[in-house]
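This report describes selected features of the model shown below. It begins with a single loop residue and then turns to the chain pairing, the salt bridges, the sheet and the helices.

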There are 2 protein chains.
Amino acid sequence: MAQKPSIPKGTRDFNPEQVAKRNYIFNTIRGAFETFGFQPIETPSFENSETLMGKYGDEGDRLIFKILNSGDYLAKANEQAYAEKDALKLTSSISEKALRYDLTVPFARYVVQHQNDIEFPFKRYQIQPVWRADRPQKGRFREFFQCDADVAGSKSLWQEVEFIQLYDTVFSALKLEGVTIKINNRKILSGIAEVIGASDKLIDFTVALDKLDKIGEEKVKEEMRAKGISDEGISKLQPLFTLSGSFETQMESLKGILNTSEEGKKGIEELAFINTAITELGLTTAVLQLDVTLARGLNYYTGAIFEVSAPAQVKMGSIGGGGRYDDLTGIFGMKDVSGVGISFGLDRIYLVLEELKLFPETVNKNVDVLFINFGDKEALFSLKAIKQLRSQGINAELYPDAAKMKKQMNHANKRAIPFVVLVGDQEIESNTYTLKNMVSGEQDKVSLETLIVQTKK
Amino acid sequence: MAQKPSIPKGTRDFNPEQVAKRNYIFNTIRGAFETFGFQPIETPSFENSETLMGKYGDEGDRLIFKILNSGDYLAKANEQAYAEKDALKLTSSISEKALRYDLTVPFARYVVQHQNDIEFPFKRYQIQPVWRADRPQKGRFREFFQCDADVAGSKSLWQEVEFIQLYDTVFSALKLEGVTIKINNRKILSGIAEVIGASDKLIDFTVALDKLDKIGEEKVKEEMRAKGISDEGISKLQPLFTLSGSFETQMESLKGILNTSEEGKKGIEELAFINTAITELGLTTAVLQLDVTLARGLNYYTGAIFEVSAPAQVKMGSIGGGGRYDDLTGIFGMKDVSGVGISFGLDRIYLVLEELKLFPETVNKNVDVLFINFGDKEALFSLKAIKQLRSQGINAELYPDAAKMKKQMNHANKRAIPFVVLVGDQEIESNTYTLKNMVSGEQDKVSLETLIVQTKK
């Protein structure tokens, strides 16, 4: 019976302090989502397999956690696959459900399924865990939360403007200054591919360009050549590699490069609209930056592409991202619903706040007062006061056993409880409470009213 | 591609109103948990199968959702089971993880795994979903939330007292008056079994007794006879079937029945302690009631047993339950850790509040103000005001497109948005806002300051 318990790799237990810190981030994001007019939905942890499979590419399919059918799941097993011991082929006959892989596909499914009850444009947010059978590594887990806000059913560029404001609002509220919101547009990338004669190699081209930060100019060019992009085309890209300066300066260079591409010019127009509006409206602490190498899930995005970087002093990948996808619900047969949305990377934001010591000191909602237990009579007297304290929102508790005083005081110390109350015969007789401040060591006999005032933060 | 999307049976989508109502209940429970000194933990959605399997009986094992191993899961399949197509035997070789079935076993696992970091007694709460492959039916789902508070490492009866207060606090805060907190004690049931000479048939005896409410006295007796309990024993039970009156009156009758059983007398002593304390402390809206037929998961509980009934005017099963289990962590090899805890049944509480119309009108955090979009210039002017409103905590949004006025007003109506703001040339010139109250129909030209005051609830 004496097994040593553990949890599956890539999963985590969260202790009270961690839960409190995570909730601080969740609540900040949720608060901003709501002032921006987003409303919450929740979807089931598992979906029918056909809802998820095929939506994230082959690699995604492999990383989706499948749930074994209940009961005699072999009764309906695909006979040929079973005979051939072909796991890949067998799966769909013994597993009909799978754990959610992200929040976007379930959202698209939700929109289609409930389209008659939804008033469009539909601004929804969703904060729920997702699961991926990825190889666990530092900062990458098999169970993690996503915090998404999306709008379905509006092509207006004001949405993009508002999402930039939303990022700024959340990170400012978290006191995380120095965040960079990078923006690009799929149409810019298509335009460039067109200009260099590589429209048919858009994905290869952007995948290579996306690596500029990591592997440098020469390697990017090498990769492009390997994918069959001509030297002539690559030479036309040269200005891209050296793009710098303000948003406006970069836009001027881009205009030069893209002056023969209708799509490219449309992309520039969209970016200019967004940048002008943001300049007019102002950001509190974040900076908006054009990044022509930004591609992210390009297969997916059709317009704006966002990515958020933590302040430069922290080594950390992106802490958020998103973009516009013109055909959100097409995978479920509902046409012409444009989607645009952003996501916050909870785990990385947590690490950044931790590293920069930005969690408020009061984040951990600890117990405010512990009443020492000297016996049943004293405990009952104490519980009457505790009842009053709790009704005032004070977190109060009675040490459950009449253990040795020293043990009880140690308990208060180890849990960093700021106040301890001692109630003995004297206190009961005089209807008072001995209140000890565990930080200063000061001790006072006080009335119930004073006790409430002193322990209420 | 045109699949009609749906979700697995027994699961649910929650729309914004439902999420808001569920959060209202969660937040009320969470707030009470914290004032009572409980601290939150969270555990992974899936555990290693060996952590869960065998902890809930054969039926439980069957109802646990198993997750298929990733990759070529057949490579390690049990060959004999595979050859015999024995699903039951095959499972453990192709599935190593399983979805959480309740929050108590993961809590026990957590306590054992982190015992060196925990300061006992450990008061934890946990609000997370659990999954069961039960047959779905009205009010029974395959994915549902549990809200548990437990204390590990204290045998003090003050915990039982506090849990009764906690139930009372939560249901009073939810304005759900007329709740009955039923209490029993495993020692009472053991004592009765002893007295009627059926100690070896304790489970059969209590399972039958537990049905008294549903099937009546005669059928209960019949079942006991069928299980081999003697007529003489059953006749000694007679007073049980007619127990009535106050807590104290019933206790007197019980004392008579149990005067030859040491264990029974211990049970009476414990109940008396709890009842006296609760009488002294007083409950706000709930009533504490002795119910000798209450058994619940008897295999499990060793002391107090709790169950909460909704007000009599609502037809609903129990909306909460719990009890004392002296060997919480023994299943994971850690001895002598007593546990006691209670659980709130979120889904049923939701149905009760809905039926009695007890959700506050303001529960649905809707958008407070919609700004009508007359074009880009007006939109930009509006967004500047919206930014101010949001910073004041007002949920405000801009209609994203410069659609026809009527369409935009309809949108506000359908979403029951209470205020609409109209901004045209005149307003921009005079730096004012036309504020329309969508309920009264009144319309006023106001300054930004007034706009904030009027729309802030």
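## A loop residue and its surroundings

K85(A) has a relative accessibility of 35% and counts as partly exposed. The model is a predicted one. K85(A) sits in the loop that links α4 (79–83) and α5 (87–94) of chain A. When neighbours within four places in sequence are left aside, K85(A) is in contact with L74(B) and Y82(B). Q137(A) is 52 residues from K85(A) along the chain, and the C-alpha atoms of the two are separated by 31 Å.

## Relation of the two chains

The same surface serves both copies, since 100% of the contact residues of chain B recur in chain A.

## Salt bridges

Over all chains, a search of the whole structure finds 54 salt bridges. The table lists examples.

| Side chains | N to O distance |
|---|---|
| D13(A) and R109(B) | 2.5 Å |
| K265(A) and E262(A) | 3.5 Å |
| E397(A) and K123(B) | 3.3 Å |

D13(A) and R109(B) meet in a salt bridge of 2.5 Å. D13(A) belongs to the segment before α1 (16–35) of chain A and R109(B) to helix α6 (residues 104–113) of chain B, so this pair joins two chains. D13(A) counts as buried at 11% relative accessibility. R109(B) is buried as well, with a relative accessible area of 0%.

The salt bridge between E397(A) and K123(B) has a distance of 3.3 Å. This pair also crosses between chains, from strand β13 (residues 396–398) of chain A, which holds E397(A), to strand β5 of chain B, which holds K123(B). E397(A) is buried, with a relative accessible area of 2%, and K123(B) is buried, with a relative accessible area of 7%. Elsewhere, R12(A), R22(A) and D347(A) are joined into one network by salt bridges that share partners.

How far apart along the helix are K265(A) and E262(A)? They are three residues apart in helix α13 (residues 262–281) of chain A, and are therefore separated by about one helical turn. K265(A) counts as partly exposed at 38% relative accessibility, and E262(A) counts as exposed at 59%.

## The sheet of chain B

Eight strands of chain B form an open sheet with mixed pairing, in the order β1-β5-β6-β11-β10-β9-β7-β8. Its edge strands are β1 (39–40) and β8 (287–290) of chain B, each of which pairs on one side only. β1(B) pairs in the parallel sense with strand β5 (residues 122–131) of chain B, over two bridges. Within this pairing, Q39(B) stands opposite R124(B) in β5(B).

Helix α1 (residues 16–35) of chain B packs on the sheet and touches β1, β5, β6 (143–152) and β11 (339–344) of chain B. The direction of α1 makes about 5° with that of β6(B). Helix α15 (residues 346–355) of chain B lies across β6, β10 (318–325) and β11 of chain B, and runs at about 145° to β10(B).

Why can β10(B) be called largely enclosed by the rest of the structure? Seven of its eight residues are buried. On one pairing, strand β9 (residues 304–309) of chain B joins β10(B) in the antiparallel sense over five bridges, and I305(B) has G323(B) in β10(B) as its bridge partner. On another, β10(B) and β11(B) run antiparallel and are joined by six bridges. There Y325(B) stands opposite G339(B) in β11(B).

## A helix pair

Helix α9 (residues 202–209) and helix α10 (residues 212–226) of chain B have axes that come within 8 Å and cross at roughly 140°. That angle makes α9(B) oblique to α10(B). On the α9(B) side the contact is made by F205(B), V207(B), A208(B) and L209(B). On the α10(B) side it is made by L212(B), V220(B), E223(B) and M224(B).

Terms used
Residues numbered from 1 in each chain as written. Chains lettered and ligands numbered in written order. Predicted model: local features only at pLDDT ≥ 70, side-chain atom pairs only at ≥ 80, totals over all residues. Heavy atoms only, no water. Contact = heavy atoms within 4.5 Å. Pairing = 2+ DSSP bridges. Helix = DSSP H or I, 4+ residues; strand = E, 2+ residues; numbered from the N terminus. Axes fitted to C-alpha atoms, helices over the stretch in contact; angles between N-to-C directions. Salt bridge = Lys/Arg side-chain N within 4 Å of Asp/Glu carboxyl O. Buried < 20%, exposed > 50% of the residue type's maximum accessible area, 1.4 Å probe, protein only. Parallel < 35°, antiparallel > 145°, perpendicular 65-115°, else oblique.
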